[in-house]
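Good morning, and thank you for coming. I would like to take you through one protein structure, feature by feature.

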Amino acid sequence: MLNERVPETEDGLQGAYIASVYDEMQRHIRDSGWLSEKIDLLLECEVRAGSALEIGPGPGYFGLEWLRAVALADPGARLTALDISPDMLEMARSNAAAYGLSERSEYVLGDCQRMPFPDNHFDVLFTHSSLHEWVDPVAVLRETHRVLRPGGRFCIIDLRRDLSKEAIAFMRGNINVNMRKGFANSVKAAYTSAELRRLLEATPLAGAKVEDIELGLFLTGVKAAPVQSFN
């Protein structure tokens, strides 16, 4: 029987030490090729150009890998990343400089439940491994709809709580020892696909595609254009 969800945090991953350890883990994941598989999911869903918002970038590797992947095809592509942790943002800025992408990326301190951006602002939105940390996911999903332009695409990738014991053991064996407890807490805080669909029902994104993928969840869709009145 699946255990009930246990929330992980109310204020994100804070502190310079956590940012440093998380950076090491994410760099290992990138260098092992696992991030590229998730970038391919974005590209397959046409999240490949324009002005992008990333929620919860952590040390920044996922968004930077996406930006590097689309930069040649779209010289105007830009990344804005929103995080609640100043130390994570500082790490992400440093990594953006190492990628040579500082001029095309911006890192903003803020709460994704109340995003500091105007309506209809971004062409695409994505996030990787942050859904389970949102205190009020319905609020974030509503904000996702608000800040996207009509026709804008969104992709949310995260862990899921009903991972098999074998999958959990595999992932634990491939992350920093210092992060294993945090990983276990993240799995306990994650949603199932059925739970995520129920959350979506209370948002303008109801009906978006939700599916189980290897080691996680994948949510994707397009913001509908407003219905025109001919009266």
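This is a predicted model: local features need pLDDT of at least 70, side-chain atom pairs count only at pLDDT 80 or more; totals for chains, interfaces and linings use all residues.

Residues are numbered from 1 along each chain as its sequence is written, and side-chain values use heavy atoms, with hydrogens and water left out.

Let me start with burial. A residue is called buried under 20% relative accessible area, exposed over 50%, and partly exposed in between, with a 1.4 Å probe and protein chains only. The areas themselves come from the Shrake-Rupley method with a 1.4 Å probe, and for residues only the protein chains shown count as cover. Helices (H or I, at least four residues) and strands (E, at least two) are DSSP runs, numbered from the N terminus.

Please look at helix α3, residues 61-70. Why is this helix described as largely enclosed by the rest of the structure? The reason is that eight of its 10 residues are buried. The buried residues in α3 are Y61, F62, G63, L64, E65, W66, L67 and V70.

L125 is found in strand β4, and L125 counts as buried because its relative accessibility is 0%. Between the C-alpha atoms of L125 and D83 there are 14 Å, while along the chain these residues are 42 apart. G221 belongs to strand β7, residues 216-222, and at 16% relative accessibility G221 is also buried. G221 and D111 are 110 residues apart in sequence, and from C-alpha to C-alpha they are 22 Å apart.

Now to the cysteines. In general, a disulfide is a covalent bond between the sulfur atoms of two cysteines. Here it is counted as a pair of cysteine sulfur atoms within 2.5 Å. How many disulfides does this rule give? The count is zero. Consider C45: the closest cysteine sulfur is in C155, at 4.2 Å, and that is too far for a bond. C155, in turn, is in no disulfide, and its nearest cysteine sulfur is that of C45. Both residues are buried, C45 with a relative accessible area of 17% and C155 at 1% relative accessibility.

I turn next to charged side chains. A salt bridge is a side-chain nitrogen of Lys or Arg within 4 Å of a carboxyl oxygen of Asp or Glu. By this rule there are 13 salt bridges. I shall show a few.

One of them joins R146 and E143, with 2.7 Å from N to O. Where do these two residues sit relative to each other? They are three residues apart in helix α5 (residues 137-147), so about one helical turn separates them. As background, an α-helix has 3.6 residues a turn, so residues three or four places apart point the same way. R146 is partly exposed at a relative accessible area of 22%, whereas E143 is buried at 12%. A network of salt bridges links D119, E143 and R146.

Another pairs K209 with E211, at 3.5 Å, N to O. K209 is partly exposed at 49% relative accessibility, and E211 is partly exposed at 27%. R48 and E46 also meet in a salt bridge, at 3.3 Å; R48 is partly exposed, with a relative accessible area of 37%.

E46 lies in the loop between α2 and β1 (51-55) and is partly exposed at 42% relative accessibility. Its phi is near 65 degrees, a positive value in a residue other than glycine. For context, most residues other than glycine have a negative phi. S129 also has a positive phi, of about 65 degrees, and is not a glycine. S129 is placed in the loop between β4 (122-128) and α5.

Finally, the surface. Patches are made of residues with over 30% relative accessible area and no salt bridge; like charges are joined within 9 Å, and nonpolar side chains (Val, Leu, Ile, Met, Phe, Trp, Tyr) within 5 Å. Lys and Arg count as positive and Asp and Glu as negative, while His and the chain ends are not counted. The place of a charge is NZ of Lys, CZ of Arg, CG of Asp or CD of Glu. Which residues gather in a patch of negative charge on the surface? They are E37, D40, E44 and E214. D40 belongs to helix α2, residues 34-44, and is partly exposed at 40% relative accessibility.
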